[in-house]
Amino acid sequence: MNWKHKASLGAMVGGILLIGVATAGRACDTWVALADSTADHSVIVAKNSDRPPMEAQVLVQFAHQRHAPGEMVHCTYINIPQASETYEHFGSKLWWAFGYEAGMNEYGVAIGNEAVFSKEPLQWGDGLLGMDLVRLGLERGKTAYEAMHVIIDLITKYGQSGDCEHAGEWGKANYHNSYILADPKEAWVLETAGRYWAAKHLTHGVYSISNIYSIEKQWDEAHPQLVEHAVQMGWTKSAEDFNFARAYGDYWRKGSKNPGNMQVRRNMTMTCLRQDAGQVTPASMMKIARSHLEGTLVEPRWAAPESFWATPCMHDSPQSGYRSAASMVAHLRADQPPLLRQVYWASFSNPCSSVFKPFYLHGPTIPASYAAGTSMYSADSPWWWANRVKLLCDLNHPALCPVVRGVFDETERWEMDRQARVEAAAAQAMKAGKEAEAVALLQQFSNENCERVEKEYRQLNQTLPAKLVSAGINYLYVDYLKEWTAAKGVPLPLP
């Protein structure tokens, strides 16, 4: 991985990020619980998206659209033919890219992806980012299986490639991708290496992926030359010995990335899911998203932002240049009408110091302001409201994060209680043939919630600095944070 940094960030920050690459590196987690493992027999999929510090990951919504023959769509780096029809969806979007880290569409298809590292050569500049493929799968797939084959077909035709970081800002990055694709009835795991791939069908239980291949000797579909290619390359002795993760994964050669952090995080999310088997809820998925491996052998020694390991809720530091930029919990319910079939719970910045907010498709809309934000601080961007709270908490996490959680835990309890009552009223309205009334009820719920959360974020951004002055800064990496926040114009009470 070749990192180059702008001179304005200084040699110190450049060196810190190089250290981060050598240790924790890039990180994300996606996990899913199928109907037999959830409390209400739904399918629930979640993701923490980990990205460079200060990069806004906004939430966007696009309507169902029809497109003219011959129309092209401009992805991050290339143009490809547009589909005749694209579906309504939410997407957790890097502010500068076409694609998404995670999202959900009007048919209840939800997708999250991960960076994985393969012996297969990387392709640069003339293909589709994994994030582009997430968005294209959501726009063009009515089921998880259909969306998966949208991605497979596009990989086959265009390849997956390109710089996954904003040009001239963070550095250069490229990787292969794995995905969990879910709908209200099932899920698929798709893991890729260049144009090669393997896929596993999930109908029960739980599953998670991180930045390490998970499929080994059992899969349900695969590239027709998957095994033959590995044998020809000398990555496996024979077809009988073939193991996808071992043959294609690039983790054991000299100079490869250490898979330890990645495996620890996958083990953690799988353990939590198995412990909750039969009782998984959106709330329990949010708890996993907020984990810093507390209570385990690798829990942070002093505070969550000072962990020496990559954790599900990632904080950037000299140990890792990435942090959780946004989170998704998609609640997919096969027994509900389209308006209520899928609920998208979205959180900005690190989930440990943020709040999840529920949104609906088929009529209700999210605030247009949720799409605002770049890598420079803006007091008008909801993503930056959350990220400044996160940065303040990092400076004394034991003192400030409980204050934030005291506010947002109560908000999430209010949301879930009100959600049950509003959805019941909406269902009754639809039963009476009053679809517009049902949509209005959900929109009012969303508006009330967003207004409440905005007030809470603004209040926390005003009150936390004073609490920090009183409690004092207690953070290992103050110099690291000073350099980044100065470069990005973030107002923090730093010495």
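A residue is called buried when its relative accessible area is under 20%, exposed when that area is over 50%, and partly exposed in between. By that criterion Ser349, with a relative accessible area of 0%, is buried. The model is a predicted one, and the points below are grouped by topic.

**Nonpolar cores**

- The largest nonpolar core has 115 residues, and those with the most contacts inside it are Val32, Leu59, Ile80, Leu128, Leu181, Leu190 and Tyr248.
- Apart from this core lies another, which has 31 residues and includes Ile44, Met286, Ile288 and Ala429.
- When neighbours within four places in sequence are left aside, Leu128 is in contact with Cys75, Ile78, Ile80, Leu133, Leu136, Leu154, Tyr158, Gly159, Gln160 and Ser161.
- As general background, nonpolar side chains in soluble globular proteins tend to be buried together.

- Helix α2 (residues 130-140) is largely enclosed by the rest of the structure, because 11 of its 11 residues are buried.
- The crossing of α2 and α3 is right-handed, and in it Leu133, Leu136, Gly137 and Arg140 of α2 meet Glu146, Ala147, Val150, Ile151, Leu154 and Ile155 of α3.

**Salt bridges**

- A search of the whole structure finds 17 salt bridges, and one of them joins Asp316 to Lys390, with the closest N and O atoms 2.8 Å apart.
- Asp316 lies in the loop between α7 (282-289) and β16 (323-332), whereas Lys390 belongs to helix α9 (residues 382-395), so this pair ties together parts that are 74 residues apart in sequence.
- Asp316 and Lys390 are both buried.
- A second salt bridge is formed by the side chains of Asp409 and Arg405, at 2.8 Å from N to O; these residues are 4 apart in helix α10 (residues 397-431), so about one helical turn separates them.
- Of this pair, Asp409 is partly exposed at 29% relative accessibility, while Arg405 is buried, with a relative accessible area of 12%.
- Arg413 and Glu410 also form a salt bridge, their closest N and O atoms being 3.1 Å apart, and both lie in helix α10, 3 residues from each other, or about one turn of the helix.
- Here Arg413 is exposed, with a relative accessible area of 52%, and Glu410 is partly exposed at 38% relative accessibility.
- Through salt bridges that share partners, Asp316, Lys390 and Asp394 are joined into one network.

**Packing of α9 against α10**

- α9 and α10 pack with their axes 6 Å apart and at an angle of about 140 degrees, which makes α9 oblique to α10.
- The passage of α9 across α10 is a right-handed crossing.
- On the α9 side the contact is made by Val389, Leu392, Cys393, Asp394 and Leu395, and on the α10 side by His397, Leu400, Cys401 and Val404.

**Surroundings of Glu435**

- Glu435 is placed in helix α11 (residues 435-471) and is partly exposed, with a relative accessible area of 41%.
- Leaving aside neighbours within four places in sequence, Glu435 is in contact with Leu339 and Met430.
- The C-alpha atoms of Glu435 and Gly363 are separated by 9.6 Å, although the two residues are 72 apart along the chain.

- Most residues other than glycine have a negative phi.
- Whereas Ser349 is buried, His362 is partly exposed, with a relative accessible area of 25%.

Technical notes:
Residues numbered from 1 in each chain as written. Predicted model: local features only at pLDDT ≥ 70, side-chain atom pairs only at ≥ 80, totals over all residues. Heavy atoms only, no water. Core = buried A, V, L, I, M, F, W, Y, C linked by side-chain atoms within 4.5 Å. Buried < 20%, exposed > 50% of the residue type's maximum accessible area, 1.4 Å probe, protein only. Contact = heavy atoms within 4.5 Å. Salt bridge = Lys/Arg side-chain N within 4 Å of Asp/Glu carboxyl O. Helix = DSSP H or I, 4+ residues; strand = E, 2+ residues; numbered from the N terminus. Axes fitted to C-alpha atoms, helices over the stretch in contact; angles between N-to-C directions. Parallel < 35°, antiparallel > 145°, perpendicular 65-115°, else oblique. Left-handed = near helix turned anticlockwise from the far one by under 90°.
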